[in-house]
Amino acid sequence: MKRLSPILLSLIAYALTACVASTTSVQPLTIDGDTYLVEKREQKIHDLAENAHRNMLTKGVLYSDIAANQYLNRVGTSLVPNLAGHAPEFNFFIVKNASINAFAMPNGNIYLHAGLLANLSNEAQLAHVLAHEIAHVVQRHSYIDRIDTHNTVVAAHVADLLLFGTGLAYIPAGMNLASYSRDQEEESDTLALKYVADKNYNLRESIKLFQQLNEVKHTKETASVWSSHPLSSSRYQHSLDSIEKSHTMSDGGIINQEIYEEFRQLVARLSIDRRISAQQYELAEDAVLREASVQKNDSIWQYYLGEIYRLKSRYPEDAAKEHAWLYDKKNTKELKQSFLDKIDSDHETAMTHYQNALTITPNVYKIHRGLGLLHLQANNFSSAKYHLNQYSNQLEKPKDWRYISSLITKIEKE
């Protein structure tokens, strides 16, 4: 990735340190005063957050479904405490990313990854995640952290942010705008419990949240708030202690499981699609099997399983790489060979799932696409041509019709 020159880095460092502030003078946004954005340092990180959001919009990484975003903003806005007049407006966004992550920017923008939303069980758990991120903004943790951070480190992160050279995953961790200390995490957890209790959400679900997300395989993903921040076990105990001191935990309170499930299903497929496109086949299969256990549309899950095994048979080394990553193994020649040895069986498994999907719902065009590509991998040209034609001949041209047409043309030349 291209780097700024040392001279420019020094200038950035100078600009960030031009106005010195004390962390003890930084008041939460719930306290009236005129200090918000007065310091150049805070204005700078606010501007950087705005710039990051514009980049996300430009790159198309934010989920645009109206119903899903309205629901998320309704729940999120209801949890924001009474703020002083100088406070920013809070807005909530869904990121088209399958990792277990959520992060808050100092300008009041809060982002939840589709992968996190797909792994929550109800609105009470969603409320705790949102409340935790709201607390980071209310307490101005990003600004406090910038005051305490070594200037050269800040400069390097700002340089990377301006270049935006490492993509979306760099936002919460690398840009150093939404990365918080252990004390700040625990403070946000404590305030989150207050925020959700004030809205009568069930506090038992806040506790279950840590247990639930600590069980999934992908908590160690880069930039995951559940791995790069304090361990879920320590946060779990801290939250228990906070409840015992300040709250009464009962079986009552809002959970809203059915309402949340409608929302969750909107983002679950998005999360699966992202897993598959990122060559995370085992994680995608885990997600598909979970959805198949709670949703009725069996054909779509059979289709997804067909896609997963088709791609595993085509890209066995990617499957080996994922396996090594998931289980902290070395990606050895032996491991790669074990996945190469499964190409034929993965191919057969893919075929079975595609055929199952067609049996359940015969008129789903993308199933024909998968079958066509699978037959093409095996050089079964007549079957490949039949299924690819079925896919391309739908009333509305698919987005990849040119690619599919080129494959059909190549087949006809064989």
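Okay, ground rules. It's a predicted model, so local features need pLDDT of at least 70, side-chain atom pairs count only at pLDDT 80 or more, and totals for chains, interfaces and linings use all residues. Numbering runs from 1 along each chain as its sequence is written, and side-chain values use heavy atoms, with hydrogens and water left out.

Confidence, then. pLDDT is the predictor's own confidence in each residue, from 0 to 100. The protein averages 82, and 79% of the residues score at least 70. A contact here means heavy atoms within 4.5 Å.

Now the overall picture. We've got 20 helices and three strands; these are DSSP runs, H or I of at least four residues for helices and E of at least two for strands, numbered from the N terminus. Of the 414 residues, 52% are buried, where buried is under 20% relative accessible area, exposed is over 50%, and partly exposed is in between, using a 1.4 Å probe and protein chains only. Among contacts with a separation of 6 or more, 71% join residues 24 or more positions apart.

On to helix α3, residues 66-79. Its 14 residues reach 20 Å from first C-alpha to last, close to the 20 Å expected at 1.5 Å a residue; that expected span is 1.5 Å times one less than the number of residues. Which residues of α3 are buried? Ala68, Asn69, Tyr71, Leu72, Val75, Gly76 and Leu79. The face turned away carries exposed Ile66 and Gln70. And what do the buried ones pack against? That's β1, β3, α5, α8 and α12. At the start of α3, a side-chain oxygen of Asp65 comes within 3.2 Å of the backbone nitrogen of Ala67.

Last stop, Gln125, which sits in α5, residues 123-138. Gln125 is at 1% relative accessibility, so it counts as buried. Its side chain makes a polar contact with the side chain of Glu205 at 3.1 Å. Leaving out residues up to four places away in sequence, Gln125 touches Leu120, Glu205, Lys208, Leu209 and Gln212. By polar contact I mean a pair of N or O atoms within 3.5 Å; within protein, one must be able to donate a hydrogen and the other to accept it, and residues adjacent in sequence count only if both atoms are side-chain atoms.
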